[in-house]
Structure formats: C-alpha cells, structure tokens
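User: I'd like to learn to read a model feature by feature. Show it to me, then let me ask.

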Amino acid sequence: MVSTVVTLSGVTLQNPVIPASGTFGFGYEFAQWYDINCLGAISIKGTTREARFGNPTPRIAETSSGMLNAVGLQNPGIDKVLTEELPRLRHIYYKPILANISGFSLDEYVTCCAKADASPHTDLIEVNVSCPNVHHGGMSFGTDPHMVYDVTRAVKQVCKKPVYIKLSPNVTDIVSIAKACEEGGADGLSLINTLMGMRIDVKKRAPILRNTTGGLSGPAIFPVALRMVWQVYEAVDLPIIGMGGIQSAQDVIEMMMAGATAVQVGAANLVNPYACQEIIRDLPDCMERLGIQNLKEIIGGAH
C-alpha cells in the first residue's frame, strides 16, 4: 500500500493536492459535486482587509494552453471571511485550511494575517505578495527582496501558525526573493503565481481584458513553474508548495521531484470541477507504476 501523506511545517496532509486560492471559491461550493474531504488541504479565496468587488469585466480570456484572469481579488473582506465563510467551510470540511491573505500596505498584511491566525478554522497562513491584477498592491511587494523581507518579518511577528509566502514569477531572480523570505522568517513558500500576459481582440483592435493585462495560468506555465521550484529548492531550506499548470497525478510527482512537498491545482478546477478529486484518485496508481512507495521519499528526488 503506497503512502500519499506529506507534512507542511508540522501540519499533516493525507495527500499533497490542494486547490489553489482563487480557483476553488471558499471550498464549500464544490461540496455539491463530491466529498471535499478527499483533498489534502484547501487554500481559500484571496482575502483583503476591506471587501473588494474586483476589476470590471471582461476579466477572463482564453489562451491556447491556458487562460488569463484579471479578477482583481474579489472577496467580502477579512471579517466576513472569518465569521461567515470559514465556519461554513469548516462545518463540512475537516482537513487543513490555508488562509490566503493579500494586501495593499504592510499594515493591511499584518492586520489581516493576525486575524486569520487567531481563527480556530485556519491551519496555515498563505501570504500573497504576487497578485499581478491589482494596482499598488500584491505583486509590487513581491518583486522587491527588501519589501518581501519586511512583509515576511512583520507577519511572522503576529502569527503563531506557519506562514507561507506566495511568490511571483514576474521577477528576474526568483532565488533572491525566496532567500529574502527565508531571512524574514518564513516557514515555507508557495510558487508560482500567474505570469503576466494579454490578448487583443483583432476585430475591435483593443485588449480583450478590461484591465488590459491579466495573469496567465494553465498547462502553458507548468515548465516555468517547475524550473522555479527547482531553483528555489536548491537555494533555501524551506518546504515548498508548487503550483502552475498541474493537471495530472504525473504532474504532481514531477513537481515533487523538482522540490515541492505539496502542490496546488488552479486553472484545472475551472475547466473541470472534479480535477482535484481525479488527480487524488489517480495518484496511487501512478506511484505504483513508477515504483514509488512513499511520496515523502521523492521530494527533491530529481536533484
């Protein structure tokens, strides 16, 4: 019998598959299709201090091997998430929950992370310094090592639960950003977020997205994500949650061999609501075909 159990900073996951923030709502929405307790964990929709309507439409565009989104962190605000959304999820879901926090200032990150950390319904805090679809926030923090260090250090001072920093691929040197997180006291890293891109409507001679640019996700970015996870694994001594274009059990194993302890599945959920369930179902068979008895043994196994 193969073992799919992995551990993130002392938090045990029965398998490494986590729906990525922003692609799975607050989790309970998917319970109408299957028992979501099969999931290793859930990363909930990105949360800010105040409620956000998000960017104007259109804010989704298809690409040949993925999709662009410019949703813009639509969410009801941290207080409603903690008092309404998380209790509703916890009522039906018993596995680990990652609170995904975004911000437009250092103070906002600290305030929201402290509140999420105090909630009895959260197990890990995932700090998003990498959203490319909002102005003066998110990615502006995640592309400067000094700002990443400041956010990480400030958040760690108010959090008792493990803090994972979600990194942007829209940088020249992902390793310098990862090292800044490690120096700031991060417990782990999540990477990668979406790559900046755009599409043009040739009939209208204008960008398809109202925001002009958006975040590219889906299978097109898997090789980029894999490369960055590989680089970061070699550079820092922190557990990594790898993500970016994962669609299959074999993708999960490949990402773990590059250095990820767990993975997040994003755009695949928007194409097929059963994507995570199917990957988890297929994982043991894929392990047996490859002669893998314990997933923990293959983390970084290709190095």
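User: Let's start with accessibility. What does W33 count as by relative accessibility?

Analyst: Relative accessible area sorts residues into classes: buried is under 20%, exposed is over 50%, and partly exposed is in between, with a 1.4 Å probe and protein chains only. W33 has 39% relative accessibility, so it counts as partly exposed. Before we go on: this is a predicted model, where local features need pLDDT of at least 70 and side-chain atom pairs count only at pLDDT 80 or more, while totals for chains, interfaces and linings use all residues. Residues are numbered from 1 along each chain as its sequence is written, and side-chain values use heavy atoms, leaving out hydrogens and water.

User: How many aromatic pairs are there?

Analyst: Two quantities describe a ring pair: the distance of the centres and the angle of the planes. Rings of Phe, Tyr and Trp (its six-membered ring) pair if their centres lie within 6.5 Å; planes under 30 degrees apart are stacked, over 60 edge-to-face, and the rest tilted. The whole structure holds 3 aromatic pairs. F24 and F30 have ring centres 3.8 Å apart and planes at 15°, so this pair is stacked. F24 is buried at 0% relative accessibility. F30 is buried too, at 9%.

User: Where does W33 come in, and what is its geometry with F30?

Analyst: W33 pairs with F30 edge-to-face, at 5.4 Å between centres and 70° between planes.

User: Which charged residue sits over a ring?

Analyst: The test takes NZ of Lys or CZ of Arg, which must be within 6 Å of the ring centre and within 35 degrees of the ring normal. Here the charged end of R59 sits over the ring of F53, 6.0 Å from its centre.

User: Next, salt bridges. How many are there?

Analyst: The rule wants a side-chain nitrogen of Lys or Arg within 4 Å of a carboxyl oxygen of Asp or Glu. By it, there are 5 salt bridges. One of them joins D107 and R49, with the closest N and O atoms 2.8 Å apart. D107 is in helix α2 (residues 106–118) and R49 in the loop between β4 (42–43) and β5 (60–63), so the pair links distant parts of the chain, 58 residues apart. Helices (H or I, at least four residues) and strands (E, at least two) are DSSP runs, numbered from the N terminus. Both partners are partly exposed: D107 at 47%, R49 at 28%.

User: What does the D187 and K156 bridge tie together?

Analyst: Their side chains meet at 2.8 Å, N to O. D187 lies in the loop between α5 and β10 (188–191) and K156 in helix α4 (residues 145–156), so the bridge ties together parts 31 residues apart in sequence. D187 is partly exposed at 24%, and K156 at 25%.

User: And polar contacts? Which partners does the side chain of N75 reach?

Analyst: A polar contact is a pair of N or O atoms within 3.5 Å; within protein, one must be able to donate a hydrogen and the other to accept it, and residues adjacent in sequence count only if both atoms are side-chain atoms. N75 lies in the loop between β6 (66–69) and α1 (78–90). Its relative accessibility is 4%, so N75 counts as buried. The side chain of N75 contacts the side chain of T48 at 2.9 Å. The N75 side chain also reaches the backbone oxygen of L73 at 2.8 Å.

User: What happens at the ends of helix α5?

Analyst: At its start, a side-chain oxygen of D173 comes to within 3.1 Å of the backbone nitrogen of V175. Just after α5, G185 has a positive phi of about 100°. The buried residues of α5 (residues 174–184) include I174, I177, A178 and C181.

User: Last, the backbone. Which peptide bonds are cis?

Analyst: Most residues other than glycine have a negative phi, and most peptide bonds are trans. T57 and P58 are joined by a cis bond, with omega about 0°. P58 is in the loop between β4 and β5. L191 and I192 are also joined by a cis bond, with omega about 15°. For phi, look at S9: positive, about 50°, though not a glycine. S9 lies in the loop between β1 (6–8) and β2 (11–13). R205 has a positive phi as well, near 55°.
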